[in-house]
Amino acid sequence: MVDFLNGLERTHKCGQLRAADIDKQVTVMGFVAKYRNLGNLLFIDLRDIGGVVQVAFDDQVDKAIFDKATTIRNEYVIAVTGKVRSRGSNINKNMPTGEVEILAHDLKILSEADVTPFVITEDIKVGEPLRLKYRYLDLRRSALQSKLVMRDKITRVVRNYLSDNGFLEIETPFLGKSTPEGARDYLVPSRLHNGEFYALPQSPQLFKQLLMIAGMDRYYQIAKCFRDEDLRANRQPEFSQIDMEMSYVEDNEQVMNVAEGLIKAVFKECLGMELNEKFRRIPYSEAMEKWGSDKPDTRFDMQLKDLSDIAKDCGFSVFTNAVAGGGSVRAINAKGLCSKMTRKEVDACGEFVKSYGAKGLAYAMFREDGSITSSILKFLSEEEQKAIFETMDAQKGDILFFVADKNKVVFDSLGALRCHIADKYELYDKSKFDFLWVVDFPLLEYSEEDGRYYAVHHPFTSAIVEDIPLLDTDPLKVRSNAYDMVINGQEAGGGSIRIHDPLMQEKIFSILGFTQEDIEERFGFFVEAFKYGAPPHGGLAFGLDRLTMLVTGTDNIKDVIAFPKVQNASCLMSGAPSPVEDKQLKELAIKFDEKKD
């Protein structure tokens with residue numbers, strides 16, 4: 001039989017008590033994290049979201065309360081009233097409350113608990129699937145609770161900053177129109193409109209632009225978004241973003257300065273970091289050439305070097321064919337790692353880059369004794385070798401890694417490899433933060449497979465003014481008025497100045513191969529709004545989940561989401577997605593065909 005509070009109120013959270021509270025009468029409530037029965041004394045570590053405090057039960061003080069306490073087990077929920085006293089010589093320096101304990105004189109058992117599927121400790125040993133199945137138990141650990149507390153703090157800083165800068169928090173719809181272009185939509189069948197579907201928003205893009213047309217001037221929202229795509233360590237099918245839009249801006253610096261100020265406020269309020277310097281601006285072309293990525297991690301060097309001019313006429317056909325086919329030969333120098341990387345580890349790097357499309361990875365290992373082990377040098381003349389060594393600044397103890405292929409494959413492979421090596425061999429200080437902007441992205445990319453252009457960001461991104469004439473002559477050279485903020489090699493947020501001229505929007509749709517019927521079907525309501533006057537506007541969205549990951553120092557997005565999904569977009573705890581009753585399907589006029597592999 002459990003007890004009721006009967007008006008009893010908590011006076012302190014468990015983690016609040018300190019030496020200054022000695023002799024105070026307090027009431028604390030929480031989960032039993034640990035108990036120790038020493039015969040005539042019983043000690044309990046009581047845990048709540050504020051921390052842990054030790055509670056002592058003494059059979060010489062109150063035998064009835066002591067006997068009741070002996071029935072307690074781990075994860076029982078209890079309320080304790082007692083006096084704070086010093087722990088004397090038994091101070092626990094590993095606990096913030098380690099100088100004190102509560103001598104209990106009243107105990108209420110509010111809820112009993114079965115033996116949990118795993119012991120809830122900070123150094124938990126069980127695998128992630130079991131912890132996700134019992135996520136509500138895993139969340140009792142302070143390691144996860146502190147990350148959700150930080151997430152809450154971040155959102156409060158965001159709201160205060162944007163409100164102080166004239167932004168209005170406005171909600172946009174969850175049930176919208178499917179505009180398939182990019183990631184797959186999550187679809188919701190309509191009962192009232194047979195055979196028709198809503199789409200859950202991949203972002204509030206169209207609605208926030210419509211809010212600018214509506215004259216709302218500055219908008220923001222902590223927006224829930226949905227994308228039916230394959231998951232990675234830093235992605236989920238449903239995620240949150242800090243979404244913002246501003247009117248009367250044509251210069252991307254205006255939006256970037258506001259967004260940069262927001263990030264500086266978050267890091268100051270949440271981590272106590274004063275970020276006084278303006279974040280660097282790196283053109284997209286430079287980011288790709290130097291780091292092989294549009295979200296470069298510049299906390300370490302290992303930059304890509306273009307060896308195409310040296311290799312184009314060499315005796316190694318892999319190199320010459322790549323250059324002749326319009327690709328390139330590039331390399332990175334893993335300086336000083338020759339003595340640390342075994343041949344097996346070098347070969348593993350070759351397997352690593354294959355997942356990025358590379359057909360192989362050439363290498364040259366510069367031994368401390370002056371010898372060189374290489375898979376390709378025998379194909380190169382002494383002059384070509386010397387030129388490569390000088391370009392790569394190759395010294396004793398270094399390893400060079402080469403990839404030759406189409407530029408995209410080369411950039412993707414070496415860009416990922418440099419980060420893989422830097423992480424594995426701890427080539428940088430992971431406690432440091434690296435902030436930068438990548439700007440001047442291409443506006444368009446061309447798909448050989450589909451035979452058409454696609455927008456690199458989205459079809460509503462404006463071109464840089466001086467590049468607009470190139471839309472008619474060389475569209476792939478047109479740069480966009482887009483910008484991404486990168487923190488520690490991860491895209492923290494991105495946005496653009498939007499097209500506000502209906503004629504320009506029509507031109508971009510045409511280049512993308514949209515017919516008038518396509519435009520009307522997908523974006524008709526949006527395009528029509530521009531007929532009635534649209535201010536110049538631009539915006540940006542930060543991934544709240546990813547930003548929280550960066551601030552809390554975790555590399556797993558599931559750590560900062562209360563109830564996350566796993567790799568196949570399912571919830572191990574609730575069992576979602578799940579079948580529904582035939583009655584519901586009948587109301588929606590839905591029938592299923594057997595899925596073919």
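Asp474 and Lys477 form a salt bridge in this predicted model. Their closest N and O atoms are 3.6 Å apart. How accessible are the two partners? Asp474 has a relative accessibility of 27%, so Asp474 counts as partly exposed. Lys477 reaches 56%, so Lys477 counts as exposed. Elsewhere, salt bridges with shared partners build one network from Glu253, Glu260, Lys264, Lys278 and Arg281.

Look inside that network. The side chains of Lys264 and Glu260 meet in a salt bridge, with 3.3 Å from N to O. Both residues lie in helix α6, which covers residues 252-271. They sit four residues apart, about one turn of the helix. Is Glu260 buried or exposed? Its relative accessibility is 4%, and buried means under 20%, so Glu260 is buried.

The whole structure holds 45 salt bridges. One of them joins Lys208 to Asp243, at 3.0 Å from N to O. This pair links distant parts of the chain. Lys208 is in helix α5 (residues 205-213), while Asp243 is in strand β10 (residues 238-247). The two are 35 residues apart. Lys208 and Asp243 are both buried. Side chains of opposite charge can pair when their charged atoms come close.

Now step back to the charges of the protein chain. There are 77 positive and 93 negative ones. The mean positions of these two sets are 5 Å apart.

Next, consider the chain as a whole. It has 17 helices and 22 strands. Its C-alpha trace spans about 90 × 75 × 55 Å along the principal axes. Of its 597 residues, 47% are buried. What share of the contacts between residues at least 6 apart in sequence joins residues at least 24 apart? The share is 68%.

The accessible surface of the chain comes to about 30500 Å². Carbon and sulfur atoms account for 49% of that surface. Which residues make a nonpolar surface patch of about 290 Å²? Tyr136, Phe563 and Met573 make this patch. Tyr136 is found in helix α3, residues 135-138. Its relative accessible area is 43%, so Tyr136 is partly exposed.

Finally, find Glu390 in helix α11, which covers residues 382-392. Glu390 has 57% relative accessibility, and exposed means over 50%, so Glu390 counts as exposed.

Conventions. Residues are numbered from 1 along each chain as its sequence is written. This is a predicted model: local features need pLDDT of at least 70, side-chain atom pairs count only at pLDDT 80 or more; totals for chains, interfaces and linings use all residues. Side-chain values use heavy atoms; hydrogens and water are left out. Patches are made of residues with over 30% relative accessible area and no salt bridge: like charges are joined within 9 Å, nonpolar side chains (Val, Leu, Ile, Met, Phe, Trp, Tyr) within 5 Å. Accessible areas come from the Shrake-Rupley method with a 1.4 Å probe; for residues, only the protein chains shown count as cover. A salt bridge is a side-chain nitrogen of Lys or Arg within 4 Å of a carboxyl oxygen of Asp or Glu. Buried means under 20% relative accessible area, exposed over 50%, partly exposed in between (1.4 Å probe, protein chains only). Contact means heavy atoms within 4.5 Å. Lys and Arg count as positive and Asp and Glu as negative; His and the chain ends are not counted. The place of a charge is taken as NZ of Lys, CZ of Arg, CG of Asp or CD of Glu.
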